[in-house]
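Please open the model in a viewer and keep the selection panel at hand. The stops below proceed from one selection to the next.

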Amino acid sequence: MTIKTPRIALYILIFVSFVWGAEFVLVDITIEKLPTNTFNAIRFFLAGLALLPLFYFSKERQQALPVKPLLISGGLLGFFLFLGFYTQTEGMRYTSVSNAGFITGMAIPLVSLLGFIFFKKRPTLAVWIGIVVATVGLYFLTTGGEFSFNKGDIIVLVCAFSFAFHLIFTDRFAKNLPILSLSIVQIFAVAIYCFVAALLSGDPLFYLVGSEPVIWYQHLSSPIIIFTILVTALLGTSFAYWAQTSCQQFLPSHKVAMIFASEPLFAHGAAWLFLGEHLGWLGLMGAGMIIVGMLISELGDKEHPPHINPLDQNASS
């Protein structure tokens with residue numbers, strides 16, 4: 001498939017954003033049957049395999065790859081991704097799909113805040129305004145005006161911090177390392193971390209404590225589990241990586257950021273349509289403020305143009 005015009009690139013990225021948003025519902029249904037770490041291990045291993053043909057036909061295969069830096073950097077980035085995907089997926093057991101989608105979006109304004117705290121990168125005024133707006137929106141979304149967070153909201157907020165750190169370190173590593181190779185290494189690293197965590201977990205490998213014991217191949221008879229794994233691995237990760245990289249040859253970063261800001265809206269729309277979730281007025285106001293804060297933070301930072309990594313946009317990808 002070849003992208004030839006900005007309009008086609010726009011449609012493809014809207015589709016990617018839709019996939020990321022809709023995935024939240026699929027993952028929410030699947031983790032009722034399959035342990036979080038097992039699900040993530042399978043999906044990331046499959047996503048890594050799907051990227052290998054892309055690497056085979058890329059120019060990077062003919063280059064002398066810096067193996068040690070790739071393994072160290074990819075291992076660290078993979079850890080942040082592992083933590084982010086685990087906390088988002090696990091948090092969805094205790095909070096709504098809508099909340100999980102919007103709270104994950106907090107990663108974007110958090111990048112500038114954490115960059116300032118740990119690396120002394122001073123954000124612009126627009127970034128500070130975006131952080132404040134998004135934080136106030138988070139309060140209304142998750143508490144309904146009362147100062148209390150449920151367990152799932154807190155776990156997913158850890159996910160947002162993890163993805164923010166991943167973005168920060170990706171920015172530092174990607175300048176000196178081949179992008180596709182780095183992506184493949186970190187994706188396989190996530191699969192390894194998830195598999196080890198699954199073995200160490202209190203849950204059996206392929207079913208939840210308190211559920212009827214199953215053998216791994218019995219899940220192959222569950223269409224929703226197979227469909228979710230294929231969508232999240234192939235579309236939400238492998239295809240998203242290719243699409244975002246290819247489409248940014250035709251669209252400026254600020255337009256890509258605006259398109260990807262629609263992901264939580266798709267997540268809420270899917271949750272409303274299939275799960276009957278409703279945010280309420282305060283929740284809708286909070287969700288809207290998070291979207292506005294994301295856009296102010298990204299589009300108002302003239303010193304650092306928006307940078308979107310598909311792996312950070314949707315943990316359910």
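Begin with the aromatic rings: across the whole structure, a search finds 16 aromatic pairs. Rings of Phe, Tyr and Trp (its six-membered ring) count as a pair if their centres lie within 6.5 Å; planes under 30 degrees apart are stacked, over 60 edge-to-face, and the rest tilted. The model is predicted, local features need pLDDT of at least 70, side-chain atom pairs count only at pLDDT 80 or more, and totals for chains, interfaces and linings use all residues. Residues are numbered from 1 along each chain as its sequence is written, and side-chain values use heavy atoms, with hydrogens and water left out.

Select Phe-15 and Phe-239. Their rings form an edge-to-face pair, 6.2 Å centre to centre with 75° between the planes. Phe-15 belongs to helix H1 (residues 6-30) and Phe-239 to helix H9 (residues 223-247), so the pair ties together parts 224 residues apart in sequence. Helices (H or I, at least four residues) are DSSP runs, numbered from the N terminus. Phe-15 is partly exposed, at 37% relative accessibility; buried means under 20% relative accessible area, exposed over 50%, and partly exposed in between (1.4 Å probe, protein chains only).

Next, select Phe-79 and Tyr-193. The ring centres of Phe-79 and Tyr-193 are 6.3 Å apart and the planes lie at 85°, so this pair is edge-to-face. It links distant parts of the chain, with Phe-79 in helix H3 (residues 67-91) and Tyr-193 in helix H8 (residues 179-200), 114 residues apart. Phe-79 is partly exposed at 38%, and Tyr-193 is partly exposed at 29%.

A polar atom of the Thr-87 side chain lies 3.1 Å from the backbone oxygen of Gly-84. Leaving aside residues up to four places away in sequence, Thr-87 touches Ile-155, Val-156, Val-158 and Cys-159, where contact means heavy atoms within 4.5 Å.

Select Glu-90 and Arg-93, whose side chains meet in a salt bridge at 3.0 Å, N to O. The term denotes a side-chain nitrogen of Lys or Arg within 4 Å of a carboxyl oxygen of Asp or Glu, and the structure holds one. Glu-90 is buried at 15%, whereas Arg-93 is partly exposed at 27%.

The charged end of Arg-61 sits over the ring of Tyr-56, 4.1 Å from its centre, and Lys-151 lies over the face of Tyr-94, 4.4 Å from the ring centre. Here NZ of Lys or CZ of Arg must be within 6 Å of the ring centre and within 35 degrees of the ring normal.

Then select helix H4 (residues 97-104): eight of its eight residues are buried, so H4 is largely enclosed by the rest of the structure. One of these buried residues is Phe-102. Among the residues that Phe-102 touches are Leu-141, Pro-264, His-268 and Ile-290.

Finish with the largest nonpolar core, of 61 residues, where Met-92, Phe-102, Met-106, Leu-141 and Ile-290 have the most contacts. Helix H7 (residues 151-173) supplies the largest share of this core, nine residues. Such a core is a set of buried Ala, Val, Leu, Ile, Met, Phe, Trp, Tyr and Cys residues joined through side-chain atoms within 4.5 Å.

Methods: Helix = DSSP H or I, 4+ residues; strand = E, 2+ residues; numbered from the N terminus. Polar contact = N/O pair within 3.5 Å; in protein donor to acceptor, adjacent residues only side chain to side chain.
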